[in-house]
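Please keep the sequence and the model open beside the text while reading.

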Amino acid sequence: MIRFGDQVRDFDRLVYMFNLSSTVPVRAGRTKDYKFNIPFLFMGWLIIPSVTLSLSLSFSLMSRSAPPSLSHSSNVLFSFTPKASFPAPSLSRPHSLLLLRGPPLSFSLSLLTPPPPCCRLTRVSTEPVEYVPPAPEFDFRSEIERLAALRSRLAGASSIGQKLSVISADSRVRELFGSRSSGGLAGALGAIDLDENELFLIKCLVAAGQEHVLGAEVVVREGEFRESAKSSLKSAFNALVEMIEGLDVNGGERKTGVGSEDEDIGDLKKLLRTLGEIEQFYDCIGGIVGYQIMVLELLTESVSERQSTSWLKNSKGSMESQILEIHSPAGLDLSQNTEYASQAALWGIEGLPNLGEIYPLGGSADRLGLVDPDTGECLPAAMLPYCGRTLLEGLVRDLQAREYLYFKLYGKQCITPIAIMTSAAKNNHERVTSLCKKLKWFGRGQSSFRFFEQPLVPTVSAEDGQWITTKSFVPVCKPGGHGVIWKLAYDRGVFEWFYKHGRKGATIRQVSNVVAATDLTLLALSGIGLRHEKKLGFASCKRNAGATEGIDVLIERKNHDGKWAYGLSCIEYTEFDKFGIATGSSKGLQAEFPANTNILYVDLQSAELVASSKDKKSLPGMVLNIKKPIEYVDDFGNRHSVSGGRLECTMQNIADSFLNTYSSRRYKGVEDELDTFLVYNERRRVTSSAKKKRKPLDKSLHQTPDGSLLDIMRNAYDILSQCNIDLPEIEGNEKYIDSGPPFLILLHPALGPLWEVSRQKFCGGSISKGSELIVEVAEFLWRDVQLEGSLIIQAENVMGSTRMGKNGDPILQYGHRCGRCKLQNVKILNEGIDWKFSGNVFWKHDVQRSDSLKVILHGNAEFEATDVSFQGNHVFEVPDGHKMKITPGISGFSVQLETLALNVVDSGSWYWRYKINGKHIGLELVEL
């Protein structure tokens with residue numbers, strides 16, 4: 001064996017023994033630090049087939065460390081003039097003058113009331129803001145200039161051959177791929193059969209300064225590229241040799257070996273797929289190279305640069321700046337202007353056939369810490385078991401409740417097309433599509449669903465923008481934020497798909513927000529959007545201080561042409577410091593603005609116009625959030641947490657493309673005329689999220705499944721307490737840190753979903769503390785029922801039954817053969833839930849019961865109980881096509897089971913008739 005190298009110290013790395021005539025790598029084991037110097041003659045063996053070489057190499061797979069993130073001052077006002085020596089790259093962010101120092105803000109969100117004068121933010125000038133500079137050994141500006149020039153040259157290349165010529169001429173690429181011996185790295189890559197496109201992707205990676213992903217390292221010094229002092233060999237060879245060693249040097253064929261060869265080739269193929277997706281999706285900013293430019297620009301922007309002014313010289317040679325102010329927005333307060341809110345909700349119901357639904361489900365949801373109990377695999381948020389079903393099932397069930405309401409009012413079937421953005425994170429796409437198939441497409445047919453998978457993007461170190469890797473060829477990748485949804489929808493034909501379904505607008509909600517469809521919020525939002533032909537609408541509410549959520553703002557901007565632009569937009573919580581908005585204080589500026597909830601209405605054609613643009617407008621709200629550490633496990637099973645982030649987009653910031661312009665400044669009432677709008681409601685009717693797992697000693701339930709369940713209980717209290725039903729009030733979250741809620745009430749949304757509809761199905765009675773009420777049936781009557789214990793009503797046909805559709809899928813037919821239940825003057829007394837059982841998980845609806853009264857309705861079964869009392873445990877199971885009546889009897893009650901008459905088999909022996917009375921919906925009980 002021939003050994004290259006002459007220094008061995010502090011063994012702490014893996015030593016690999018490579019025999020170039022063998023396909024089987026031999027792992028020698030773990031040693032201390034193995035340092036070596038190898039002559040550059042490496043690929044010579046390829047042209048000397050009679051020579052067999054063995055190499056003993058050692059290389060580190062340790063993760064890249066990153067120092068703390070840059071620290072910035074907050075609450076600042078500034079202006080900025082670019083230095084002549086540093087021309088701005090073509091994709092530098094637009095600069096503007098931020099105006100945030102002034103009197104505290106206050107606002108009122110009554111119907112389209114403009115903010116008071118104190119909400120106008122005073123303009124002042126400032127000195128440049130001091131900040132901690134990046135590591136001195138890396139010249140960010142020179143690198144951005146180099147990459148921007150490269151991007152421009154690539155943009156002028158029309159073919160893959162031309163692009164390869166351009167990228168191959170890059171100085172960094174020439175250094176790594178240059179041949180100082182026969183073969184070189186290009187020969188190594190050629191040996192593993194890369195085509196032109198794949199070679200281009202690899203060279204883009206190197207040109208972007210990420211050769212370490214291949215196991216290589218090149219440094220910049222005094223404008224020249226040269227080999228790193230840390231590795232006198234271009235260590236890309238170390239990683240590539242494991243794949244190349246399987247070659248038959250005589251025939252050139254790759255042999256299938258054992259050990260790590262297949263794994264390495266698999267990793268390289270995955271890397272090439274990832275690079276291909278980045279190059280294609282981010283084509284509007286320059287692909288891989290443009291992605292890295294944006295990362296570096298966001299990393300190096302100081303506070304002053306991020307919100308500074310893009311200056312223009314006028315004819316007199318003076319400087320004129322763009323002016324930007326933010327204000328608290330005015331909008332319709334649904335909780336105050338109830339008559340208009342009811343009218344808007346009716347517009348939403350009437351317009352349902354013109355609406356689609358969009359679910360961004362691609363996020364990694366790391367904070368939930370959700371794992372499969374059987375396999376231990378990480379699960380996406382959509383699979384969280386919540387109140388007896390996954391969060392995804394909850395979204396579709398809310399939508400079906402609105403469709404059922406439409407059927408009851410207009411007698412027509414309406415199936416809303418659903419577009420779902422998934423990702424590869426945590427096997428998200430496969431799990432979501434498998435769940436839909438398992439549940440037979442929720443009785444909607446496969447054709448009513450459209451899936452589009454967002455690409456994963458590399459995470460980067462906060463220190464220098466280098467991609468974080470777990471080992472060679474394996475960058476740590478995560479979804480690129482929900483803002484990619486617009487461009488991705490355009491690229492994948494989702495807009496055209498909606499048009500073919502006859503849709504004009506769409507509502508968007510996130511899977512973790514379990515109350516977004518409560519009462520009339522979502523319907524009023526879409527109703528106003530459709531009725532007034534708006535481009536974008538926000539559903540908002542009061543913001544909780546310290547919450548990880550953004551704010552909705554009204555932007556006022558004076559453009560360089562002298563015109564004024566206005567529109568609603570959003571500032572993410574990660575950007576507060578850069579806007580001078582202090583966090584953690586209930587009296588800070590952030591408390592004066594309503595919360596961004598990511599509940600949106602969007603006009604599809606307007607969104608498509610932005611998404612189809614060939615520039616960064618199609619990727620709205622690009623940010624680099626480095627406030628959360630990047631956590632990953634390396635190839636040795638070691639866990640790492642480093643300061644870093646990834647390039648993310650925010651879907652709500654598409655609003656920045658919908659500003660309205662005016663020739664003069666508007667001082668009040670401008671919100672009425674804008675293409676964007678906002679509706680406001682009580683917080684627990686708009687947002688309550690199950691975003692993060694509650695920690696054992698955590699005293700806060702905010703954004704946990706536990707806390708969101710309490711908000712659902714509060715909403716149930718608001719519904720039933722207005723129906724003359726006595727039930728205990730729910731106190732603050734701190735009361736329930738160590739206990740469950742005071743009761744458990746889960747009502748199917750098809751009972752409404754509007755509360756004014758639900759309340760007409762309930763009247764009188766009481767629900768005692770510790771009771772459980774589960775109603776899974778839409779055709780339901782409660783009159784003077786006293787509940788102390790558990791009552792569970794479950795219908796197979798909650799809103800209707802299924803029939804086979806044209807494509808062979810079962811389609812839910814609303815109102816057809818529904819289950820039904822009447823309870824009148826009934827007393828229920830049983831032990832109910834065992835509240836002392838330590839294994840209860842209330843937000844999962846996974847509880848242990850001592851007793852319960854359970855009614856199970858098969859098919860179109862009906863159950864009626866009148867003037868009776870139930871004590872202890874009872875189960876009443878009614879077969880399809882039958883009615884069970886419970887009436888007083890000698891032993892307490894008697895049971896009668898009768899067959900439904902043929903003329904009521906489909907419609908039922910009774911039903912609720914819905915009527916529109918002015919701006920409201922009235923119900924009438926009809927007996928057949």
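## A salt bridge between Arg 685 and Glu 682

In this predicted model, Arg 685 and Glu 682 bring their side chains together in a salt bridge, with a nitrogen-to-oxygen distance of 3.5 Å. The two partners fall into separate classes of accessibility: Arg 685 has a relative accessible area of 17% and is therefore buried, whereas Glu 682, at 30% relative accessibility, counts as partly exposed.

## Salt bridges across the chain

Over the whole structure, a search finds 34 salt bridges. One of them joins the side chains of Arg 146 and Asp 170, with 2.7 Å from N to O. This pair links distant parts of the chain, since Arg 146 belongs to helix α1 (residues 140-155) and Asp 170 lies in the loop between α2 (160-168) and α3 (171-177), 24 residues apart. Arg 146 counts as buried because its relative accessibility is 15%, and Asp 170 likewise counts as buried because its value is 3%.

Another salt bridge is formed by the side chains of Lys 408 and Glu 779, at 3.3 Å from N to O. Here too distant parts of the chain are linked, with Lys 408 in helix α11 and Glu 779 in strand β35 (residues 779-788), 371 residues apart. Both Lys 408 and Glu 779 are buried, and they take part in a network of salt bridges that also includes Arg 820, Glu 862, Glu 864 and Lys 883.

How many of the seven residues of strand β28 (residues 639-645) are buried? Five of them are, so the strand is largely enclosed by the rest of the structure.

Strand β28 pairs in the antiparallel sense with strand β27 (residues 629-633) over five bridges, and within this pairing Tyr 632 has His 640 of β28 as its bridge partner. Five residues lie between the two strands of this hairpin, where Gly 637 takes a positive phi near 85°. Strand β17 (residues 460-461) also runs antiparallel to β28 and is joined to it by two bridges; the bridge partner of Val 460 in β28 is Gly 645.

## The surroundings of Ser 569

Ser 569 is part of strand β24 (residues 564-571), and its relative accessible area of 2% is the reason why it is classed as buried. The side chain of Ser 569 makes a polar contact of 3.3 Å with the side chain of Asn 653. Apart from neighbours within four places in sequence, the residues in contact with Ser 569 include Phe 538, Ile 551, Asp 552, Val 553 and Ile 555, as well as Asn 653, Ala 655 and Asp 656.

## Helix α12 and what covers it

Which residues of helix α12 (residues 428-438) are buried? They are Asn 428, Arg 431, Val 432, Thr 433, Leu 435 and Cys 436. Among the elements that cover these buried residues are β13 (389-390), α11 (391-410), β14 (418-423) and β15 (449-454). Helix α11 is also the element that holds Lys 408, the partner of Glu 779 described above. Just after α12, Lys 440 takes a positive phi of about 55°.

Notes. Residues numbered from 1 in each chain as written. Predicted model: local features only at pLDDT ≥ 70, side-chain atom pairs only at ≥ 80, totals over all residues. Heavy atoms only, no water. Buried < 20%, exposed > 50% of the residue type's maximum accessible area, 1.4 Å probe, protein only. Helix = DSSP H or I, 4+ residues; strand = E, 2+ residues; numbered from the N terminus. Pairing = 2+ DSSP bridges. Polar contact = N/O pair within 3.5 Å; in protein donor to acceptor, adjacent residues only side chain to side chain. Contact = heavy atoms within 4.5 Å. Salt bridge = Lys/Arg side-chain N within 4 Å of Asp/Glu carboxyl O.
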